[in-house]
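Welcome! Here is a short tour of a structure that may be new to you. Take a look at the sequence and the model first.

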Amino acid sequence: MASMRDIKRRQVSVTSTQQITKAMKLVSTVKLQKAKARAERNKPYFNTLYKTICSILSKTEHMDHPYLQDNGSSRKAVIVITSNKGLAGGYNSNIVKEVVGAGFSTKDVDIYAVGRKGVEGLTRKGYRIVMDMSEAINNPLYKDALDITKQVLASYSDGEVGEIYMAYTNFKNTVTQEAKLIKLLPLSIDELPAVEDEDDRVLMNYEPEADEALDILIPKYIGNLLYGAFVEALASENGARMQAMDSATTNAENMIADLSLKYNRARQASITQELTEIIAGSEAISE
Amino acid sequence: MAEKTFRLKIIAPERIFFEDDVTFVEFRTTEGDIGIYPEHIALTSIVSPGIIKIHTPSGEIKEAALLDGFSEILADQVTILAEAVEWPEEIDVHRAKEAQIRAERRIKAEEGDMDRAELALKRAIVRQTLAK
């Protein structure tokens, strides 16, 4: 049995760890609220943009726009959104698993990484990181999303990559986050979920022409999708961390209870032993 | 008789910039300046950097710098999705001035993306005009 002093030392160390995890939990709760509000604020913009794109696509007949067609390249660009800090449960490893599990050959993939943990995880698996924008995820700006969009779209237009994907964590609610891999380009109309369009009777005019409008709108759409993914990922990260820290705090509590039980037993045992020794001693003298 | 109005929504990525009933709105698109009264024909157009003038039913005219985005115009509603839109008091004149100088240098040196530099220059000038 461990000595009383060892148990005490252990108890102190677990208690201080628990204080840290408790504080981290509180911090991520606050950050989660902020990130959630931010994700909410982006919704009206995104929904309107999405509706417009869908209505343009459904009303245009000739679909030979480069963003809608395969450009023949077999390389794939994957934008991977993870966090810069760990201690968030399975948050980062789930994303890495999602990318690895997509069935792409390692050689054919260009990774555009946002988040240091994703860079580390994917480099170890042998993926090629072509761009690292890890700073952006600390406090994602709309401009960051646009910058990345510009980069990937440029390599798409040059024919370097034929498909663009995005891996991020979808924020369902505070306790459920889901790693997701979605295809951004080429945009396929069949993959867009149908929108119920109340303005079907209205014949929309485009100025400039629908084709040119698509040229401008699709990058905006992707940029916004990316921005939406940033803010959702941020909310997910904090949600995941909150949960991880919550269970760490509970575990620490159990350990402390366990240790104090052991400590008391050890204390009792040592008292009993001392008593036995004294009694045995005094009996030996009186005999 | 009350003047006819329509709903104007200006939505930015991080906030709803403006949402109210208005009588008239004027802004710049890639095809030129347009003014919109109620019952306008359905039209989707791309925004070019310029000043947007919003006429409220009380006769007040609100101005803002509308720098990038696109608009969807319907008979009773106009939605402008603006990537960058600012009220005059939000504009940082010094920054705009610097951006103007940078853009002018780029244009003079003819380096990089000329269209981008030109857009940046336009934005900087619009911001400064409105802030004054």
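Which residues are buried in helix H2 (residues 91-100) of chain A? They are Tyr91(A), Asn92(A), Ile95(A), Val96(A) and Val99(A). A residue is buried if 20 or more other C-beta atoms, placed from the backbone, lie within 10 Å of its own. These residues cover an arc of only 135° around the axis, which puts them on the same side of H2(A); the arc is that of the directions from the helix axis to the C-beta atoms.

This is a predicted model, in which local features need pLDDT of at least 70 and side-chain atom pairs count only at pLDDT 80 or more, while totals for chains, interfaces and linings use all residues. Residues are numbered from 1 along each chain as its sequence is written, and chains are lettered from A and ligands numbered from 1 in the order in which they are written.

Helices (H or I, at least four residues) and strands (E, at least two) are DSSP runs, numbered from the N terminus. The table lists elements of chain A against which the buried residues of H2(A) pack.

| Element of chain A | Residues |
|---|---|
| Strand S1 | residues 76-81 |
| Helix H3 | residues 116-124 |
| Strand S4 | residues 163-171 |
| Strand S5 | residues 177-185 |
| Helix H5 | residues 210-286 |

Now to the meeting of the chains. In chain A, 21 residues are in contact with 21 residues of chain B, contact being C-beta atoms, placed from the backbone, within 7 Å. H1(A) gives the most to the side of chain A that touches chain B, with seven residues.

Note on methods:
A residue is buried if 20 or more other C-beta atoms lie within 10 Å of its own, exposed if 12 or fewer, and partly exposed in between; C-beta atoms are placed from the backbone. Two residues are in contact if their C-beta atoms, placed from the backbone, lie within 7 Å.
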